[in-house]
Amino acid sequence: MRRDLPVFGGVLVVIILISFLTGSSAAKRSYAPVGTAPVTARTVACPVVNGQPRNTVGTASIADISKALDPPASVTGTVTATTLFGLNKAETTTAKLNPSYSLHMGNLHSEAVGFSASGTIAADVVADEVIVTDQGRYRSLVGGNCLAPATDWWFAGGNGKVGSTDRVFLANPSKTDAEVGITAWTPKGVVTTPRIAAIPVPAESKVRVGVFAFAPDINVVAIHVHADSGAVTAVLLDRKTNGLTPEGGDLVPATSAPSKQLVIAGFPAGSGPRDLVVANPGYIDADVSIKVVTTDGEYSPSSVRPFIVRAGRTSLIDVSKALSGATGAILVSSDQPVIAEGRSTAGTSGRSYPDYFWDAATPPLSGPAAVAIGREPDGGECYLLLSAPEGQASVRVTTPSGGSQTVSIPAGHSVGVDITNTLKSGSGSWPFVVTPIGDQPVYGVRVLHFDGSHGPLITAEPLLSLPGPIPLPPVREDPRLAAR
């Protein structure tokens, strides 16, 4: 005859079952982080500080922006600059920041520069690169952020067509070798070739790879650089010509990793072409729609209906009518993770030569962002293009010499502000800090512009928040250690 299990026995069975599923019969505990550690060492790389082609001067600048913070910081430490000429060649010097330090490359060599900071100054330095080609078929103003090495980089602005000389630059400022692989997507699908599957990047060196070598005669190429070992700083240099006629160029900044929601800020006011590139690196077709956030407000443009980006492919969308010549940002929404970048062209009428710059998708500012180069080399203007898609926002622009300017952005709007006069009181490369005020998301870019007799020269770089303190992992009690 079957006998029922006593009640307390059933409870014991339940306890044992829970213990088996959770790994412990003890109550689960939540362990809070124990704190943070300051940033005391940091390395960034400027991959394209070169003197190529002829009539080109490249500048890498690093700036101490501690005095421009609110409140100002007192920092100590050292900064070194390492010039990476190519494979297995490097020269290191001490960089004296007052408040900035610059290296100028005006010869026919192609170099990269790595900046390393140690001490409390490491958290309060920022570096940029600007390359000027003032004449010839590659006439352009090129610039971008100098960033820390990482394992993954995404770009959506490559071009392998005849007339474009796009190259991926890989800089490795560390003393450890790296190996990277490149994956590319085009309107025809994914590119697979052994020549870009395993690219060695030795310690303290740089390597460049032509986009035409793996995506010949294709004008919309998205690129993923992944380090299988080590880490690199990657950037994409995009230049265009029509025969001997220059059509501009810029560094394509690294964009956000694939996501269903992206914000691309920094389309300037003007009548030139405005383009959006959306790439789908996944295996499922993506349904994509956009909104624009301009000086007139936020709306869904009738000129760009929702569209599909097929799996493993790229799409080029003309957003000129959508922006209507206004300063703005584009909000990309997708049911599948995608990457995206925007391109703005100036100077396409009359006898002027055009130039253009690329905008990347970025996160909102989570704290102060800093720029090392606020000065256009030929004496032009420095602009901020800012967007607040969700609520009214403000930022404060400050310089190490005491300059200050507050900019307000209405909710659901974008603004463009000339900050040149605020920066002129500074010295060197005119470094500055942009600090968000309040809790509403704000996105932005820095634009350098010069309107010369042969047409405009223009470049931009996204505003990226400075690195914050490093969160320390939680500490868990382990009674087993006491019994050993």
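A residue is termed buried under 20% relative accessible area, exposed over 50%, and partly exposed in between, with a 1.4 Å probe and protein chains only. The structure is a predicted model in which local features need pLDDT of at least 70 and side-chain atom pairs count only at pLDDT 80 or more, whereas totals for chains, interfaces and linings use all residues. Residues are numbered from 1 along each chain as its sequence is written, and side-chain values use heavy atoms, with hydrogens and water left out.

Side chains of opposite charge can pair when their charged atoms come close. A salt bridge is defined here as a side-chain nitrogen of Lys or Arg within 4 Å of a carboxyl oxygen of Asp or Glu. Across the whole structure, 6 salt bridges were found. One of these joins Arg446 to Asp128, with 3.9 Å between the closest N and O atoms. Because Arg446 belongs to strand S33 (residues 443–452) and Asp128 to strand S8 (residues 125–133), the contact ties together parts that are 318 residues apart in sequence. Helices (H or I, at least four residues) and strands (E, at least two) are DSSP runs, numbered from the N terminus. Arg446 and Asp128 are both buried, and the relative accessible area of Arg446 is 0%.

Arg446 also forms a salt bridge with Glu461, where the closest N and O atoms are 3.1 Å apart. Glu461 is in strand S34 (residues 455–462) and Arg446 in strand S33, so this pair ties together parts that are 15 residues apart in sequence. Glu461 has a relative accessibility of 1% and therefore counts as buried.

Another salt bridge is formed by the side chains of Lys161 and Asp217, at 3.5 Å from N to O. Lys161 is located in the loop between strand S10 (152–158) and strand S11 (167–172), and Asp217 in the loop between helix H2 (211–214) and strand S16 (221–229); the pair links distant parts of the chain, 56 residues apart. With a relative accessibility of 33%, Lys161 counts as partly exposed.

Strands S33 and S34 also take part in an open sheet of 4 strands, in the order S31-S28-S33-S34 and with antiparallel pairing. Its edges are strand S31 (413–418) and S34; each has a single partner strand, so one side of each is left without a neighbour in the sheet. Neighbouring strands of this sheet are turned by 20° against each other on average, direction ignored. Such angles are taken between N-to-C directions and run from 0 to 180 degrees, the axes being lines fitted to C-alpha atoms, for helices over the stretch in contact. Two strands are taken to pair if DSSP finds at least two bridges between them. Strand S28 (residues 381–388) and S31 are paired in the antiparallel sense over 6 bridges, and Ser387 stands opposite Ser414 in S31.

A further open sheet of 4 strands is ordered S27-S32-S29-S30, again with antiparallel pairing. The twist from one strand to the next averages 20°. Within this sheet, strand S29 (residues 393–398) and strand S32 (residues 432–437) pair in the antiparallel sense over 5 bridges, with Thr398 opposite Val433 in S32.

The search found 1 cavity of 30 Å³ or more. The largest cavity holds about 40 Å³ of space, and its lining includes Arg42, Ile62, Phe115 and Val126. Strand S2 (41–50), strand S7 (110–118) and S8 each give two or more residues to that lining.

The largest pocket contains about 640 Å³ of space. Of its 38 lining residues, Asn145, Leu147, Ala148, Trp153 and Leu464 are the closest to the centre. S8 gives the most to the lining of this pocket, with 4 residues.

Note on methods. 1 Å grid on protein atoms, 1.4 Å probe; cavity = no way out; pocket = protein on both sides within 12 Å on 5 of 7 lines; lining within 4 Å. Points joined across faces, edges and corners; volume = space filled by probe spheres on them.
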